[in-house]
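The following note sets out points for a colleague who is examining this model. Please read the points alongside the sequence and the structure.

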Amino acid sequence: MHITFLDRFEARPGRILQWTPSKISTGSTYPVPPTSNQQLHLAGRRGDTTWLAATFDVPGPIDTDALKASFEEWTSRHDALSCSFSQAEEPGESSALFVDVADVADLRLREETVADARTPEQVRELLGERLDRWCNPFAFPAYFLGAITREDQSTVICGFDHAICDGWSMSIAITEISTLYRQYTRADRVPTASDLLPEPGSFLNYCFRESATADPEPGDHRIAGWRSFLRSCGGDTPHFPVDLELPAGTMSPQGTDTRMLLDPGEAELFDQNCADHRHSSFGAILASIGLAATQLTGKRDTHLLFPVHTRREPRHNHTFGWLVANAPMTVTSMDNLHSTARAVNLAFHESLSLSSVSSRQVLRSLGPEVSPTRRDIFSVSYADYRTMPGGSRPRKSQSCESRPGDSQPAPINPQQLSRVSSADDVQFWFSRTHDGLAVRTRFPAPGARTVHTFLERVSEILSTP
């Protein structure tokens with residue numbers, strides 16, 4: 001799995017196709033609020049979508065009938081894809097409401113040709129325009145379904161506003177759509193998802209359960225833990241510890257960086273080294289962030305958030321939606337990587353317990369005690385794609401052939417893309433695949449030199465035995 005931004009998408013020219021609904025049943029509003037993440041996401045929108053996209057390759061030109069059937073089968077499978085949002089009409093209400101498109105099983109798609117893109121730049125420009133237009137959470141559908149067809153090898157691409165998906169969902173989309181497409185191009189009968197794919201689990205039911213969770217009491221230890229953490233951040237949310245040359249309250253065009261930190265062999269040795277020193281690989285990654293910050297600022301403590309998936313029940317392993325919470329962490333630099341990582345591991349379980357309180361509940365409980373000075377928050381994410389639906393394969397060996405023990409062949413050249421927009425803080429997304437350990441970074445453009453220097457320090461620290 002390759003994780004990158006649209007401006008770095010290795011896009012070969014071809015004919016861009018899109019499938020859009022030709023028949024939509026009348027929608028009805030459900031009396032269930034969005035999740036905490038969705039409410040904060042929708043409230044923070046400034047007219048632009050924040051989309052995530054997934055791509056994979058298929059042999060030869062696109063079989064348009066097979067891909068249309070695959071998209072129709074797949075969109076009826078996940079109830080998150082039946083949802084868009086509308087603002088509440090009551091004065092003073094800041095929440096949004098789900099709008100369910102009734103009987104999405106009747107959704108019918110029509111194919112259209114967007115354009116013949118003759119250069120990689122045209123591909124990126126045309127895809128960006130379509131993804132921005134269609135991935136709108138306040139309209140149905142809040143997603144884009146398309147492809148780039150070529151004679152030798154084509155690319156399937158689908159994008160979704162972040163309000164209805166997370167990174168794990170991108171792996172689900174790639175695995176399931178590629179499986180359906182493969183069957184529709186081969187099968188003598190009409191395949192159905194229930195024959196080929198595991199139970200998806202309902203995202204709407206997940207939202208109902210979250211909305212039914214009572215706010216914590218004022219004396220709850222989790223609120224006390226968040227209060228202590230945010231006070232250590234100066235009554236603010238955590239921000240990148242090194243000066244980004246951007247005044248607080250100012251947005252900047254987004255800078256991007258993607259790089260491989262450890263190749264497959266180095267990553268295996270790194271994982272084994274972490275195990276030998278009795279800490280996790282993610283603990284070492286967080287430790288490298290703290291040590292790099294200490295080297296550049298002289299401060300021992302680095303405050304950050306890290307996302308935690310909330311797919312705690314097997315029924316949600318294959319649920320398409322946004323099932324993520326946030327946990328706080330203070331990394332205190334010790335003598336070396338391993339001693340720092342062991343300290344991180346000791347603090348990890350307490351951090352996870354605090355993630356059981358949603359961000360919205362924390363902000364509501366602490367009120368004026370927290371005054372964010374930036375829109376973005378400094379966060380560090382880690383995802384091991386080898387454990388997600390579809391797993392991962394070395395890029396050099398990816399093909400449509402299955403491996404021993406696999407129920408389905410692996411998708412070809414799977415990728416995740418993110419939109420390039422504006423930023424005022426730094427986010428790191430570390431990803432572990434069979435290709436090694438990589439990191440994707442989003443940051444305000446004026447801080448490019450600072451962030452690159454920081455990443456070089458992180459790379460050096462992680463490469464040290």
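1. A contact is taken here to mean heavy atoms within 4.5 Å. Among contacts in the chain between residues at least 6 apart in sequence, 81% join residues at least 24 apart.

2. The model is predicted: local features need pLDDT of at least 70, side-chain atom pairs count only at pLDDT 80 or more, and totals for chains, interfaces and linings use all residues. Residues are numbered from 1 along each chain as its sequence is written, and side-chain values use heavy atoms, with hydrogens and water left out.

3. The chain holds 12 helices and 17 strands; these are DSSP runs numbered from the N terminus, helices being H or I of at least four residues and strands E of at least two. Of the 465 residues, 54% are buried, where buried means under 20% relative accessible area with a 1.4 Å probe, protein chains only. The chain exposes about 19800 Å², and carbon and sulfur atoms supply 50% of that area, computed by the Shrake-Rupley method with a 1.4 Å probe.

4. Strand E14 (residues 412-418) deserves attention, as seven of its seven residues are buried. Strand E1 (residues 2-5) pairs with E14 in the parallel sense over four bridges; pairing requires that DSSP find at least two bridges between the strands. Within E14, Gln415 is the bridge partner of His2. Strand E4 (residues 51-59) runs antiparallel to E14 and is joined to it by five bridges, with Leu52 opposite Ser418.

5. The largest nonpolar core has 53 residues, and Trp19, Phe160 and Phe320 have the most contacts inside it. Such a core is a set of buried Ala, Val, Leu, Ile, Met, Phe, Trp, Tyr and Cys residues joined through side-chain atoms within 4.5 Å. Elements that each supply at least two of its residues include strand E2 (14-23), E4, strand E9 (153-161) and helix H4 (167-186). The largest share, nine residues, comes from H4.

6. Beyond its neighbours within four places in sequence, Trp19 is in contact with residues including Ile62, Leu67, Phe71, Leu109 and Leu145. A second, separate core of 40 residues includes Cys274, Ile289, Ala293 and Val439.

7. What span should helix H3 (residues 120-134) have? At 1.5 Å a residue, its 15 residues should span 21 Å, and its end C-alpha atoms are 21 Å apart, which agrees; the expected span is 1.5 Å times one less than the number of residues. The buried residues of H3 are Val123, Leu127, Gly128, Arg130 and Leu131.

Definitions and conventions:
Buried means under 20% relative accessible area, exposed over 50%, partly exposed in between (1.4 Å probe, protein chains only).
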